Amino acid sequence: MAVTLVILVPLALAAAALAWPDARSRPWLLLAGAGAHAAGMVALWLRPEPPLAEGYLFLDAAGKVVLSTTSALFLATAVYAQGYLRRRPEKDNRVFVSGLLGLLAAMTVVGLAQHLGILWVAIELTTLATAPLIYFNRNARSLEAAWKYLLVSSLGIALALLGTFFIALSGAGPGGPRSLLVGALVEAGPGLSKPWVRAAFVFLLVGYGTKMGLAPLHSWKPDAYGEAPGILGALLAGGVTNVAFLSLARVFQVTRAAGEAAFACDALIGLGLLSMALAAVFMAGQRDFKRMLAYSSVEHMGILAIGLGLGGGAVAGAFYHVLNNGLAKGVLFLTAGNIHRAYGSKRVDEVRGASRRLPLSGPLFFAGFLAVTGTPPFSPFWSEFVILNGALGKGRYAVGGLFILFLAVVFVGMGATVLKVVQGDDRGAPERPGFADSWLTAGPPLALLASVLALGLWLPAPLAALFRSAAALMGGS
Amino acid sequence: MTSWIDMTFVLVVVVNLFLLASSRLGAVIRAVALQGALLSALALLLASPAHAVGHVLLVAGGALVIKAFFIPWLMFRAIREAAIRREVEPIVGFVPSLLLGGAGIALAFAFSRGLPLPAPEMHTFLVPTALSTVWTGLLLVVSRKKAVTQALGFLVLENGVFIFGLLLTDFMPVMVEAGVLLDLLAAVFVMGIVIFHINREFASLDTDALASLKD
């Protein structure tokens, strides 16, 4: 019952948003969709449901981590959207509201999907739902970003479909599962044809890695995050990339069962480290604070890939980090959106003194930076610590050393940019009149930051158990 | 029967080479439409008696309507609106792309020899054709400048994936295949809308104009 609720209600509301005549009241539909989704997730926490539709849809531990994060983040952005869209009455919000609700439904299907075909269809839908939204500002720059996003993501997704077919073929031999259900494939395990599984993992890593934005497949990310409204940036960085990570984890589940774990782990750790290194390089001296957040997202996707690739305790750390990164990215993108609104610029050399002009958003942006870079006592510190611990515990000292090095470089590079924006005197900086912090625009990031802080101070036992059981699915502990 | 199947595969590869060598957009769109029709025929030819008839007809009919008629029609509209005829100054020239395409076909044959197939006698050419079509699509996307050609490249890439998918019709649920086809349709449709906006915004379909975002 709740499973259908979390998919069908957002979908129905997305259709309703297209038909809704009044632009002023249309954003309420976002709130309705977010509320229904959150209620559905709470119901699923309290009373787990059996598999649905012949086992195609089932909320397992890994899906639960990702969807709970998505639900919380979407609720925060839906509240924020009430304030944001009211301030921008000149833009038509019909496609925007409908697209966000469609995105929520698509992400939910990805979280629930136990069938690699359904998973693929839903991932493709997340691309299609978001591409038009990047063009919300209707200017040349956002159009360029939308085209690049659409083309690069579509290519990645097409290669992922080929990889999915390879997996299907690996189980097509005599006695094979002849199915794309994750459970059946994992059960068949060593019976799958190894060359096909190996080729499939390469294609799926490229495909879903593009959606995650792992380096060197991240080229769409800075443009899309730089030009999209803060709401969409938050949902891309804290929602879409997370469900793409989940898709990759599902593929990893199958690859591991087929006995190709060593090869897959090396690939994940390699791309993860490359992502962190590239983010560290591009973050330093970044002149646009929204593009800077894109590189932060590249970095954190790298951290997730490393956590999954290391195995053992680090996998639970990766799932913990899915939650932490999702919430912290919400803080950063929503406050960055506020700062962008108040200055009419996102150039680091123009914007200064944000903590004076926006007494809530400015400090929150800074606190979000501290949280996302893993400063204690915020929760990303703990998840990064668990991953590092996993690396050292397995004797992967080189991986652990590079991990710390890149985190430190990112902290310095990102810190310099964030301080330039937040500190100083805002007199003489560009101004766009009519924007001040309000509870609708500053409240949601404040709530997200509070939850990141609370999770850092105290991790509830059911959550810790959930991360462990999600990790157990991927062969970790 | 087998000779017909082989013939169709060869035609698909010939269309690939034509796409890489052609500069006239109208001809490229027609060739993509022809490839779509060939895929639809393949879906029928490769069907074994074990397949459900409705399923095969759905896949073949869907491919014909979407790949051979609707999308080409959309693309013809796009170039008519933008009043463009030719792909001028591609990033990789026509002769080099043809050579790269040929190399891709050779590699596809070499690569697919190493991969075990469930029924190898039926599908000698299937895997190499699929892989070389994917490769052609990738080449078109990265080596051409017009947004329309890039979208067509994506379509060709999807064609390659579709050919590969024909190996699997008997255990892919109808729902998934329909989803894949609809997703493709929607993707090209959204691309078409964006192309329309690019044309209006820049008065050109050259993606060179899309180069203001960089670090």
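**Notes on a predicted two-chain helical model**

1. Starting inside chain A: the buried residues of α9(A) are A:Trp220, A:Lys221, A:Pro222, A:Asp223, A:Ala224, A:Tyr225, A:Gly226 and A:Glu227. Helix α9 of chain A covers residues 220-227, and eight of its eight residues are buried, so this helix is largely enclosed by the rest of the structure. Bear in mind that this is a predicted model.

2. What sits over α9(A)? The cover of its buried residues includes α5 (116-134), α6 (140-170), α10 (230-257) and α12 of chain A. Three of these names, α5(A) and α6(A) and α12(A), come back below in helix pairs.

3. On chain A as a whole, the secondary structure is 19 helices and zero strands. The chain has 477 residues, 65% of them buried. Along the principal axes, the C-alpha atoms fill a box of roughly 70 × 55 × 45 Å. If you take the contacts in chain A with a separation of 6 or more, 82% of them join residues 24 or more positions apart.

4. Now the pair α5(A) and α6(A), both part of the cover over α9(A). They pack at about 175 degrees, and their axes are 9 Å apart. With over 145 degrees counting as roughly antiparallel, α5(A) is therefore roughly antiparallel to α6(A). On the α5(A) side, the contact is made by A:Leu116, A:Gly117, A:Trp120, A:Ile123, A:Glu124, A:Thr127, A:Ala131 and A:Ile134. The α6(A) side brings in A:Ser142, A:Ala145, A:Ala146, A:Tyr149, A:Leu150, A:Ser153, A:Ser154, A:Ile157, A:Ala160, A:Leu161, A:Thr164 and A:Ile167. By class, the contact of α5(A) with α6(A) has 13 nonpolar, six polar and one charged residues. As a reminder for reading the spacing in such lists, an α-helix has 3.6 residues a turn, so residues three or four places apart point the same way.

5. Next, α3(A) and α18(A), which are residues 61-87 and 439-457 of chain A. The angle between them is about 165 degrees and their axes are 7 Å apart. These two helices are therefore roughly antiparallel to each other, and their crossing is left-handed. From α3(A), the contact uses A:Ala76, A:Thr77, A:Val79, A:Tyr80, A:Gln82, A:Gly83 and A:Tyr84. From α18(A), it uses A:Leu440, A:Thr441, A:Gly443, A:Pro444, A:Ala447 and A:Leu448. The classes in the contact of α3(A) with α18(A) are eight nonpolar, five polar and no charged residues.

6. How do α12(A) and α16(A) cross? Helix α12 (residues 289-310) of chain A and helix α16 (residues 379-393) of chain A cross at roughly 40 degrees, and their axes come within 10 Å. They are therefore oblique to each other, and the crossing is left-handed. A:Ile303, A:Ile306, A:Gly307 and A:Leu310 are the residues of α12(A) that meet α16(A). Their counterparts in α16(A) are A:Glu384, A:Ile387, A:Gly390 and A:Ala391. That contact of α12(A) with α16(A) divides into five nonpolar, two polar and one charged.

7. Over to chain B, which comes to seven helices and zero strands. From the N terminus on, its elements run α-α-α-α-α-α-α. The radius of gyration of chain B is 18 Å, close to the 17 Å from the globule rule for 215 residues, so chain B is as compact as a globular protein of that length. Its C-alpha trace spans about 55 × 35 × 35 Å along the principal axes. Of its 215 residues, 43% count as buried. Among contacts in chain B with a separation of 6 or more, residues 24 or more positions apart account for 76%.

8. Last, where the chains meet. The contact takes 35 residues from chain B and 37 residues from chain A. Which elements of chain B give two or more residues to the side that touches chain A? They are α5 (126-143), α6 (147-165) and α7 (174-202) of chain B. The largest share of that side, 13 residues, comes from α7(B). By class, the side of chain B that touches chain A has 25 nonpolar, six polar and four charged residues.

How values were computed: Residues numbered from 1 in each chain as written. Chains lettered and ligands numbered in written order. Predicted model: local features only at pLDDT ≥ 70, side-chain atom pairs only at ≥ 80, totals over all residues. Axes fitted to C-alpha atoms, helices over the stretch in contact; angles between N-to-C directions. Helix = DSSP H or I, 4+ residues; strand = E, 2+ residues; numbered from the N terminus. Parallel < 35°, antiparallel > 145°, perpendicular 65-115°, else oblique. Left-handed = near helix turned anticlockwise from the far one by under 90°. Contact = placed C-beta atoms within 7 Å. Nonpolar A, V, L, I, M, F, W, Y, C, P; charged D, E, K, R; others polar. Buried ≥ 20, exposed ≤ 12 C-beta atoms within 10 Å, placed from the backbone. Rg over C-alpha atoms; globule rule 2.2 N^0.38 Å.
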